Amino acid sequence: MRKHGVVYSDALCLDASEAGGVYVRAVAALRKGDVVATIPRRACLTPRTSGAAAAIEAAQLGGTLALAVAVMYERARGADSPWKDYLRLIPDREPVPLVWPDDEADRLLAGTELDKTVKQDREFLCEDWKECIEPLISSGELGVEPDDLSLEKYFAAKSLLSSRSFHIDRYHGSGMVPLADLFNHKTDGEHVHFTKSEESDSDEEDDDDQSKADSDQEEDDNDQSNAVSDQEEYDDDQSNASADEQSTVENATTKPSGEGHNDEDLEMIIVKDADPGEEVYNTYGTMGNAALLHRYGFTERDNPYDIVNIDLTLVTKWCSSKYSRRYARERVSLWRKLGYSGCTSEDADYFEISYDGEPQLELLILLYIISLKPDAYDKLVCVAHDLIGDDDQEDEEDTINSFVKVVRVTRPAKNSGLIGVEKLPDVKKILHSESICTALASLADIRESLYGCNTLKDDKEQLRTCSPVSERNRYHSLVLRVSERKILGRLRKHVSIWSKTKKRKHLSSN
């Protein structure tokens with residue numbers, strides 16, 4: 001790496017991990033503000049710097065698809081690649097679920113947040129390979145063997161990109177950054193931060209201070225960060241590459257005139273002191289275990305950013321079984337008409353249950369509307385149009401204000417209870433009725449049934465005896481399953497407490 005201008009402090013040492021990987025350790029004290037590594041942009045493996053740059057541009061490939069082709073091509077070049085030493089240092093693939101055997105992924109991820117996601121990933125990537133890479137193989141333009149660009153190699157390359165690529169700048173887009181990707185992740189415990197040098201030009205100021213997961217938003221020019229959502233990745237894979245001139249490692253002195261190009265060094269800066277012997281961590285962002293396993297191939301015990309999703313389809317299925325399909329359709333339609341919505345992915349709406357078991361406010365409101373008596377429901381239908389504000393419900397305060405209006409219509413005799421209702425805890429007290437608690441308990445049971453016949457106790461015992469090294473896939477899937485099922489347990493505990501509180505208040509009022 002040094003011959004390509006990558007320089008790192010003598011206070012850093014690369015060590016082999018027990019699992020067979022590489023990690024970064026401090027051999028001397030590191031203090032906040034220390035620059036421990038500088039990496040020229042020309043030393044990064046990108047669609048611009050790769051020897052496949054011309055073919056990638058001619059094929060009009062962009063985003064991470066273009067980067068995957070660049071990685072596969074440089075691997076195929078072997079000793080002729082300028083990145084041969086770097087590519088030998090990193091694995092052929094990362095142990096993300098995307099590259100697990102199909103039957104193993106189906107078995108280990110059943111019921112988890114990744115169950116459907118991984119299946120969709122494979123479907124999308126197969127389509128990308130057939131539409132974009134297969135024609136490139138047929139053209140023979142890259143001069144490599146067809147097997148070097150096979151579907152299996154494509155999946156392997158994508159696993160590396162999801163785990164190791166960084167957004168570099170507008171010109172290069174995303175790329176593999178030697179050394180920077182060797183720092184492991186620790187939630188809320190980073191020592192080092194990946195950033196641009198202070199001399200970066202004004203065109204790149206918006207890109208400064210990005211780590212692997214600093215930004216999830218899709219940029220207008222289709223540059224990718226390491227933490228963009230999966231669908232954004234696939235959308236960007238179909239985008240066109242810029243027609244600016246290409247730069248290569250071999251021709252590093254040439255500075256293309258493309259907008260946003262800058263050849264200043266990238267830097268790794270210490271943001272938290274590290275003592276000698278301590279592993280030096282980066283952070284990939286604040287992610288739950290589903291995201292960590294999906295993108296990076298590992299999990300963390302007791303991850304405070306874990307969540308469980310309850311799909312809207314699961315709610316409507318429960319409602320239909322309790323009442324009727326028509327009943328469920330009408331109640332959900334009114335909920336939507338009033339301006340409410342859950343979280344939205346490409347093909348589904350869902351509600352989040354937080355790490356501490358708290359259900360999303362919009363789910364509670366939907367259950368409130370579902371549980372309304374016919375006369376209260378009819379009143380709400382009659383005035384629904386008048387309750388819809390001019391603006392969308394953009395934040396929690398808007399949702400609270402909107403729901404207070406709904407309650408005033410549906411329980412006017414109890415409006416006195418709305419005095420001082422201004423914050424989420426106050427609103428949730430109204431939403432802790434017996435019918436809503438019963439509904440939440442039923443939804444928790446249905447959601448948990450997706451994990452199969454094993455109990456949480458069974459999963460905990462299997463996790464206790466499972467090796468994170470020799471049974472890596474099983475271990476991390478169990479960490480995910482146990483964490484999600486604990487969250488559902490906390491939801492049930494909340495429901496039990498709310499229900500008992502309501503009953504005590506009812507008895508005391510009598």
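This is a predicted model: local features need pLDDT of at least 70, side-chain atom pairs count only at pLDDT 80 or more; totals for chains, interfaces and linings use all residues.

Q: What makes the contact of α2 with α5, by class, nonpolar, polar or charged?
A: Leu 65, Val 69 and Met 72 of α2 meet Asp 128, Cys 132, Ile 133 and Leu 136 of α5. By class, this contact of α2 with α5 has six nonpolar residues, no polar residues and one charged residue. Asp counts as charged, whereas Leu, Val, Met, Cys and Ile count as nonpolar.

Q: Why is α10 called oblique to α11?
A: The axes of α10 and α11 come within 9 Å, and their crossing angle is roughly 130°. Perpendicular covers 65 to 115 degrees, and roughly antiparallel begins over 145. The angle of α10 to α11 is therefore classed as oblique. On α10 the contact involves Tyr 327, Arg 331, Val 332, Leu 334 and Trp 335, and on α11 Glu 362, Ile 365, Leu 366, Ile 369 and Ile 370. These residues divide into eight nonpolar, no polar and two charged.

Q: How do you know that the buried residues of α9 are on the same side?
A: In helix α9 (residues 312-322), the buried residues are Leu 312, Leu 314, Val 315, Trp 318 and Cys 319. They cover an arc of only 160° around the axis, and so they are on the same side of α9. The face turned away from that buried side carries the exposed residues Thr 313, Lys 317 and Ser 321. The cover over the buried residues of α9 includes β9 (308-311), α10 (325-337), β11 (349-353), α11 (361-370) and α15 (434-449).

Q: What makes Leu 179 buried or exposed?
A: Leu 179 has a relative accessible area of 1%. Buried means under 20%, so Leu 179 is buried. Leu 179 is placed in the loop between β6 (173-176) and β7 (192-196), and its phi is near 80°, a positive value in a residue other than glycine.

Q: What makes Asp 188 buried or exposed?
A: The relative accessible area of Asp 188 is 56%. Exposed means over 50%, so Asp 188 is exposed. Asp 188 lies in the loop between β6 and β7 and has a positive phi of about 55° although it is not a glycine.

Definitions and conventions. Residues are numbered from 1 along each chain as its sequence is written. Side-chain values use heavy atoms; hydrogens and water are left out. Contact means heavy atoms within 4.5 Å. Helices (H or I, at least four residues) and strands (E, at least two) are DSSP runs, numbered from the N terminus. Buried means under 20% relative accessible area, exposed over 50%, partly exposed in between (1.4 Å probe, protein chains only). The arc is that of the directions from the helix axis to the C-beta atoms. Axes are lines fitted to C-alpha atoms, for helices over the stretch in contact, and angles run from 0 to 180 degrees between N-to-C directions. Angles under 35 degrees count as roughly parallel, over 145 as roughly antiparallel, 65 to 115 as roughly perpendicular and the rest as oblique.
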